[in-house]
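Reader: I am new to this structure and would like to know what stands behind the labels used for it. Please show it, and then I will ask about them one at a time.

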Amino acid sequence: MFSTLLQEGLDDGPDFLSEEDRGPRAVNVDLQTDATLQVDISDALSERDKVKFTVHTKSTLPNFKQNEFSVVRQHEEFIWLHDSFVENEDYAGYIIPPAPPRPDFDASREKLQKLGEGEGSMTKEEFTKMKQELEAEYLAIFKKTVAMHEVFLCRVAAHPVLKKDLNFHVFLEYNQDLSVRGKNKKEKLEDFFKNVVKSADGVLVAGVKDVDDFFEHEKTFLLEYHNRVKDASLKSDKMIRSHKNAADDINRISSSLYTLGTQDSTDVCKFFLKVSELLEKTRKIEARVAADEDLKLADLLKYYLRESQAAKDLLYRRGRALVDYENANKALDKARSKNKDVLQAETGQQLCCHKFEKISESAKQELVDFKTRRVAAFRKNLVELAELELKHAKGHLQLLQSCLGILKGDT
Amino acid sequence: MAEQTDYREPEPGRGEEFSPEAEPLNSNGQNSLLEEEEEEEEEGEDLFTEATEEVSLDSPERDVLLSDGPSPVTPPASLISPHLPHNHLYTHCSFDEMEEEDTPDLFDISILVSDPEKVGEGMNAYMAYKVTTQTSMSLFKSPQATVRRRFSDFLGLHGKLATRYLHVGYLVPPAPEKSIVGMTKVKVGKDDSSSNEFVEKRRAALERYLMRTAKHPVLLKDPDLLTFLECSELPRALSTQALSGAGILRMVNKAADAVNKMTIKMTESDTWFEEKQQKFENLDIQLRKLHCSLDSLVCHRKELSVNTALFAKSAAMLGNSEDHTALSRALSQLAEVEEKVEQLHQDQAGADFYLLAELLADYIRLIGSVKGVFDQRVRLWQRLQDSLLLLQKKRDAEAKLHANKPEKLQQARDDIREETEELEGKVQQGERDFEQISKTIRKELFRFEKERVTDFKEVIIKYLESLVQTQQQLIKYWEAFLPEAKAIS
């Protein structure tokens with residue numbers, strides 16, 4: 001049903017997102033767009049159970065065959081790219097940009113199906129209204145998932161080291177299917193165990209007190225911050241859902257008032273019709289408020305939930321490297337005392353030392369950047385949130401006042 | 001203007017019309033007339049005819065009125081005395097004239113219900129409300145009166161008014177509903193927000209009830225209403241308890257009525273009534289639907305308020321753990337804004353409820369009264385038909401008697417003649433009753449529609465004004481926040 005709607009391309013759809021989002025869609029991160037490599041998602045198509053993103057690249061880098069090109073990618077390919085970063089030892093010292101969440105249209109599709117089934121039980125106007133609403137909702141989810149995939153790519157493209165990654169270049173340029181299948185059951189199980197081990201390990205590693213004040217502080221900070229962001233994200237979601245529910249009710253009230261107005265033959269019918277019209281408009285505003293809060297607040301919090309997890313992962317890796325280093329030191333001492341395999345132990349120790357120091361150095365920079373990015377993103381979004389709330393409240397107020405003026409003039 | 005001085009009832013039983021045994025059966029709730037009728041017929045004693053007989057035998061006006069004959073041109077006031085002494089007919093006359101000239105209400109009264117106070121403890125406890133009446137009308141003994149009343153007093157008042165006026169076609173505003181659950185919570189002493197809300201809801205409903213009743217020109221002059229508003233002591237209305245014998249009887253009778261309603265089929269000669277009935281059916285359905293949506297809105301707004309508060313706390317926590325000072329401060333400010341917004345949502349939900357939802361609930365119950373009054377008219381028509389049938393039978397019997405032994409059965413013939421004359425009188429009375437109720441209903445509906453229009457307009461405007469206030473506050477809060485957000489560096 002929706003491929004026709006969306007094949008026209010995102011920009012032709014109803015203007016659900018505010019104009020501010022038309023520019024670089026990376027709303028949650030503050031990135032300098034580097035002329036040497038610019039990536040964005042220029043188009044997207046929603047089919048039965050998958051979304052196809054058109055990744056568009058503009059680059060002056062010599063390793064690309066052309067200066068401007070596009071490929072079509074699916075969600076699994078993004079995940080593949082992300083995982084390849086995580087598994088790459090060389091990138092252990094960087095905050096890996098969090099993977100975009102899987103596009104989830106299930107809830108929306110279910111609602112649409114229910115609407116289709118309940119078509120007989122409501123009036124034509126109600127049905128068209130609800131259908132429009134659900135379509136708008138679907139479109140909003142769609143735009144969101146596009147934005148999140150785009151942010152991921154932009155972060156990679158902005159990172160001084162990751163942007164040079166070969167897999168990344170293949171991802172951008174190779175115009176055939178990457179044949180990346182999603183993880184099968186066995187692999188998913190492996191992942192699960194890996195995570196269990198990691199969290200157990202993480203506890204151990206976290207227990208090791210760090211000599212470096214900076215990292216010790218970051219550890220405590222990130223732990224607490226991550227939990228609180230999680231909580232704030234959940235609560236903001238709930239709040240926004242309630243807001244949407246209230247807006248839906250206003251929709252139904254508007255319909256009822258309209259029926260009352262058409263049925264009534266007294267003076268008050270004019271009132272009913274005017275108020276019905278007013279509520280129709282204010283409902284749209286309320287829905288926009290909820291949507292904007294979703295974008296500027298909820299999405300921001302969700303993104304930083306994922307980023308703070310990625311930062312925690314970095315700290316974990318460093319901690320792991322520290323433990324390895326310390327173990328290597330112990331092994332070297334042991335070898336020296338026994339005077340056996342000293343060279344092996346020495347090389348081992350040197351490797352660990354080197355790895356640890358490399359990670360520590362880049363981690364420091366990464367964490368500082370993380371803070372800068374975070375502050376900038378929050379600032380941008382909070383300012384935009386406040387501006388949008390104001391814009392909508394003023395619009396709402398104007399509608400109310402003009403309606404009141406008309407109604408009072410009548411009595 | 002005649003004041004009620006020679007009230008027939010004995011002083012202690014003020015307000016009680018009939019013998020104590022009959023009393024429980026007669027002071028009832030909304031659809032009172034029906035139950036009353038059933039009881040009367042079962043007892044074999046038609047209290048109704050008794051009353052009308054009083055008028056027809058004693059009232060000098062009757063002859064005057066009858067001599068005019070049944071004419072479409074406005075016959076003077078109701079012949080069917082609503083069980084009041086005769087001097088009230090005079091006041092009814094003047095009311096009629098006033099209405100026909102369509103003069104605006106010279107109506108100046110305001111009633112407030114306030115200060116709910118719990119009296120007593122445990123299951124015998126009750127809430128007492130202060131009722132303050134301010135008026136410049138001469139009907140009242142003084143321009144201001146304050147009394148304390150409990151809920152059953154209100155129900156008792158309604159019962160009396162309904163008994164007196166519903167069966168002649170006046171729209172008596174229904175009393176607020178009983179709530180066993182709600183009251184039990186209050187009695188048990190649960191001092192939480194839900195029982196406070198319940199008391200507030202009830203207080204507001206009682207106030208609206210009294211104002212609506214007082215706005216009715218006929219009801220306003222009712223001695224029981226005046227007593228209710230002015231006298232410091234009122235005998236306890238006993239049969240209003242939900243689980244009393246009378247209460248259960250009421251419920252049984254209501255069920256019986258429902259069955260009855262379906263079996264009476266009236267040949268409507270007046271399309272006006274048919275039209276109006278259909279309109280009220282439609283209105284009822286729409287109002288119920290709207291009320292349902294409004295309930296849902298109130299619920300969701302309350303939910304929104306709660307969730308906003310939770311989010312505010314969470315944002316404050318986040319602000320605490322944020323180590324960038326300016327951002328930390330901004331997040332705390334955001335938390336404060338959201339807290340204020342939460343209060344706004346709460347207030348708005350209150351307005352949704354008290355302004356709109358309760359108005360709709362009131363009107364849905366009022367329409368119940370309208371339907372009751374229509375039903376009463378149908379019932380009167382039915383009685384008329386029954387009387388006509390009986391009359392016909394008697395006449396046939398009379399004729400038969402004439403045909404056979406005319407000389408021998410003189411006594412029998414006299415008896416039959418008497419019975420026939422009685423039935424003729426009954427039929428005439430029935431016709432008059434039917435015409436009168438039709439006329440009264442028309443007037444009442446006219447007034448009802450006017451009031452409905454004013455009520456709705458007023459409430460809608462108040463509601464929109466509350467919405468305006470909310471948005472203005474929102475603007476204030478976000479405008480205060482914006483510079484804080486911009487100050488993050």
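Author: Start with the elements: helices (H or I, at least four residues) and strands (E, at least two) are DSSP runs, numbered from the N terminus. This is a predicted model, in which local features need pLDDT of at least 70, side-chain atom pairs count only at pLDDT 80 or more, and totals for chains, interfaces and linings use all residues. Residues are numbered from 1 along each chain as its sequence is written, chains are lettered from A and ligands numbered from 1 in the order in which they are written, and side-chain values use heavy atoms, with hydrogens and water left out.

Reader: How many helices and strands does that give for chain A, and how many for chain B?

Author: Chain A has nine helices and three strands. Read from its N terminus, the order of elements in chain A is α-β-β-β-α-α-α-α-α-α-α-α. Chain B has 14 helices and three strands. One of the helices of chain B is α14, residues 410-486, and Asp415(B) is placed there.

Reader: Why is Asp415(B) called partly exposed?

Author: Buried means under 20% relative accessible area, exposed means over 50%, and partly exposed is in between (1.4 Å probe, protein chains only). Asp415(B) has 35% relative accessibility, so it counts as partly exposed. By the same rule, 50% of the 411 residues of chain A are buried. In chain B, buried residues make up 50% of 489.

Reader: What makes Asp414(B), Asp415(B), Glu418(B) and Glu422(B) a negative surface patch?

Author: Patches are made of residues with over 30% relative accessible area and no salt bridge; like charges are joined within 9 Å, and nonpolar side chains (Val, Leu, Ile, Met, Phe, Trp, Tyr) within 5 Å. Lys and Arg count as positive and Asp and Glu as negative, while His and the chain ends are not counted. The place of a charge is NZ of Lys, CZ of Arg, CG of Asp or CD of Glu. Asp414(B), Asp415(B), Glu418(B) and Glu422(B) form a patch on these terms, and it is called negative because Asp and Glu count as negative.

Reader: Which residues form a nonpolar patch on the surface?

Author: They are Leu189(A), Phe192(A), Phe193(A) and Val196(A), with about 410 Å² of accessible area together. Accessible areas come from the Shrake-Rupley method with a 1.4 Å probe, and for residues only the protein chains shown count as cover. Phe192(A) lies in helix α6 (residues 185-207) of chain A.

Reader: How do you know that Glu133(A) forms a salt bridge with Arg283(A)?

Author: A salt bridge is a side-chain nitrogen of Lys or Arg within 4 Å of a carboxyl oxygen of Asp or Glu. The closest N and O atoms of Glu133(A) and Arg283(A) are 3.6 Å apart, so the pair meets the rule. Glu133(A) lies in helix α4 (residues 124-158) of chain A and Arg283(A) in helix α8 (residues 268-338) of chain A, so the bridge ties together parts that are 150 residues apart in sequence. Glu133(A) and Arg283(A) are both buried.

Reader: Where do Glu277(A) and Lys281(A) lie, and why are Glu277(A) and Lys281(A) called partly exposed?

Author: Both lie in helix α8 of chain A, four residues apart, about one turn of the helix. The relative accessible area of Glu277(A) is 39%, so Glu277(A) is partly exposed. Lys281(A), at 38%, counts as partly exposed too.

Reader: What makes Glu465(B) and Lys408(A) a salt bridge?

Author: Their closest N and O atoms are 2.6 Å apart, so this pair also falls under the rule. The pair crosses between chains, from Glu465(B) in helix α14 of chain B to Lys408(A) in helix α9 (residues 342-410) of chain A. Glu465(B) is partly exposed at 32% relative accessibility, and Lys408(A) is partly exposed at 41%. Over all chains, the count comes to 55 salt bridges.
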